[in-house]
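The sequence and structure are shown first.

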Amino acid sequence: QICNQHNAEAPSLQHVFHRMAQTEPNLDHNISWLLLPSYWAKMVVALISFLCFANSYDGDFVFDDSEAIINNKDLRAETPLGDLWHHDFWGSKLSSNTSHKSYRPLTVLTFRINYFFAGGFYPVGFHVINIILHCTISVLMVDVFSILLGGLQFSNKGRRLNLAPKTSLLAALLFAVHPVHTECVAGIVGRADLLCALFFLLSFLGYCKAFRENKEGHNFSTFWVLVSVILGAVAMLCKEQGITVLGLNAVFDALVINKINVLELIQKLLHKDKSLENTGLLRKGLLFRITLLMSGGASILYIRWRIMGTGPPAFTEVDNPASFADSLFVRAINYNYYYSLNAWLLLCPWWLCFDWSMGCIPLIKSVSDCRIIALAALWFCLIGLICQALCSEDSHKRRILTLGLGFLIIPFLPASNLFFRVGFVIAERVIYLPSIGYCILFTYGFSVLSKQAKKKKILAVAVLGILLINVTRCALRSSQWRSEEQLFRSALSVCPLNAKVHYNVGKNLADKGNQSAAIKYYREAVRLNPKYVHAMNNLGNILKERNELQEAEELLSLAVQIQPDFAAAWMNLGIVQNSLRRFEEAEQSYWTAIKHRKKYPDCYYNLGRLYADLNRHVDALNAWRNATVLKPEHSLAWNNMIILLDNTGNLAQAEAVGREALELIPNDHSLMFSLANVLGKSQKYKESEALFLKAIKANPNAASYHGNLAVLYHRWGNLDLAKKHYEVSLKLDPMAPGTKENYNLLRRKLEQLQKKGG
């Protein structure tokens, strides 16, 4: 038997491969399942994985897509490509204190390519690439599972053989249709996990190629080991989890290639047994390959550390409350509870949520909390599986269970809080790679049950039912990811205690103009989390617009008291104080906002409005000029400069500013209108007329545009056209100030001219 080979002289790797197929039990013999040729199996997996998520292809940019894509300057052509290597996933400098240190330049590069070929922010192309990536990964899983479940063997021609076609197909289908993958596929930001998984699998398959017999007769290829390390580095440049593939390659090498019995090895190490060379640990090449993997991994991590800088990512208590708990016991209990919830999402992926933070999962603070049962259940299962993986006399069982646990646990380690604090409680996207281990364990369990069951077809039908349910759940969940409204509302029933869910529902409603409903959700968000400064800020903004200034000021004052460096709240507080005519306090609030956010064009704009109200014209112009320097397309600041200069009689300067603004924003009809007014007063009637007509063409329903053009014609002496545009203006806005009086003056003048002509 294979388990006794450790006591014999180590055979050549080629000999091991050929004997493996003959001596190890085949999982496929135990199950009643469709047997398809490899090509057709991959076609089926690709088709079903496509059907699961196809309805997300025309979805919007949702949730984190706004920050990672729409607001990310690294996607635009004007940003040098070299900046991608110094910025984090969200476009911030890695050296910044506010950076999350998520270094994924290759993922951002694919977003940039998407943006370039689409000619802008059109989400269809982004979604299609995500769907294609998931289909590709699912197809690769057929090969990966055939190795993990059936072993690694090559034909005499060097072609890898699939020794478990049925079970590898089943495992690949389980992976392809798992609903927990919806966030990665339907959410565009999930591209990071998809690309990471793609290169993760390519690295693993590349490592397997290292053991294909070549013409020189070597037992392994150093070239393919190095290729595997490089692909692991590429995977990490897509997302941090990618580096874990090197650890899994080492585990695979020890268990499958060298057939090491882990328990036997541990016993010999503990007893300092001199026969360690017979365990397979010192077989030719193993230590060399492990050294290559470890040195490669260490080099990659060092370079990553140098690029990222020594500072840790900046997270807050609401992102991951357990990590901020003072008690080590509370932290440990809650981390383990999070692990059990992740395991439950793999087993029963029915309750899915885009965000699990902010009170969604209250902390366990006492052993009397009934949720402790979940921890006990998790560790009972894990310890049972580990014991079987170590102690079973069946080497085939040991290998599959160990590989299953390895793929389940090792890729999850970066998200486990064990080595560093992470910025989430639970994130469905991080289970994408660990679900490989779940699929291995599920398939092995199904095979064992089938072997013992008398009616194997009933069991097969049950598994088929699970697959169909998962396909349906994927389709439903991916449709929820198509729009923010559906996504946010779907979370209300899953995480009703999550303040961020209520905040996002409120924000979505506010963006659509439904302020009354938005207020309700913002208030609930603040009730659930009394320190939720962003909810306070947005609620204060709405109340300000509804002229409920007293409550707005209270909320915004509380927000800056909780978070003194919250620049947006300081600015909004300044706007409220300005409306309450407390000008000195407003000015102080604006400058505090600018202190905390140096480049804040909107704040300079509002500061300029304050100075204009106080007749501090020079200060107002300087503030608006600062706004346009920081944001050249700031139309409101340009307009206010033109209007102020116009009102103070500085027509030449107003004209110069207007022309400068139109060079930067040539299609802004409000700037055309303001400059046209200035030119009309300067008696440059022809040029003024041209700008008025261009503005009207861009915005034909603006009553003031027609009214002021009528005034221009009135001054110019073109009375018929003046009459025409006065009438259009009054039709659009019968209450337009001054227009009716001017129109009546024109009519009297026309009547006088008719009398003289008569």
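Helix 14 supplies the largest share of the lining of the second largest pocket, eight residues. The model is predicted, so local features need pLDDT of at least 70 and side-chain atom pairs count only at pLDDT 80 or more, while totals for chains, interfaces and linings use all residues. Residues are numbered from 1 along each chain as its sequence is written, and side-chain values use heavy atoms, without hydrogens and water.

**Pocket and cavity**

Two or more lining residues come from each of helix 13 (328–347), helix 14 (372–391), helix 15 (395–409) and helix 16 (435–452). By class, this lining has 26 nonpolar, five polar and one charged residues. A pocket is an open set of points on a 1 Å grid with protein on both sides within 12 Å along at least five of seven lines, a cavity is a set where a 1.4 Å probe fits but cannot get out, and lining residues have an atom within 4 Å of a point.

The structure also holds two cavities of 30 Å³ or more. The second largest cavity has a volume of about 50 Å³. Among the residues lining this cavity are Tyr 338, Tyr 339, Asn 342, Phe 412 and Phe 424. The cavity lining divides into nine nonpolar, two polar and no charged residues.

**Helix contacts**

| Helix pair | Axes come within | Crossing angle |
|---|---|---|
| Helix 2 (residues 38–53) and helix 6 (residues 165–176) | 9 Å | roughly 15° |
| Helix 27 (residues 635–647) and helix 29 (residues 669–681) | 9 Å | roughly 15° |

The angle makes helix 27 roughly parallel to helix 29, a term for angles under 35 degrees. Their crossing is left-handed. The contact (heavy atoms within 4.5 Å) includes Trp 638, Ile 642 and Asp 646 of helix 27 and Leu 671, Leu 675 and Lys 681 of helix 29. By class, six nonpolar, five polar and two charged residues take part in the contact of helix 27 with helix 29.

The crossing of helix 2 and helix 6 is right-handed. Residues of helix 2 including Val 44, Val 45 and Ile 48 meet residues of helix 6 including Leu 169 and Leu 173. This contact of helix 2 with helix 6 has 10 nonpolar, one polar and no charged residues.

How values were computed:
Axes fitted to C-alpha atoms, helices over the stretch in contact; angles between N-to-C directions. Helix = DSSP H or I, 4+ residues; strand = E, 2+ residues; numbered from the N terminus. Left-handed = near helix turned anticlockwise from the far one by under 90°. Nonpolar A, V, L, I, M, F, W, Y, C, P; charged D, E, K, R; others polar. Parallel < 35°, antiparallel > 145°, perpendicular 65-115°, else oblique. Points joined across faces, edges and corners; volume = space filled by probe spheres on them.
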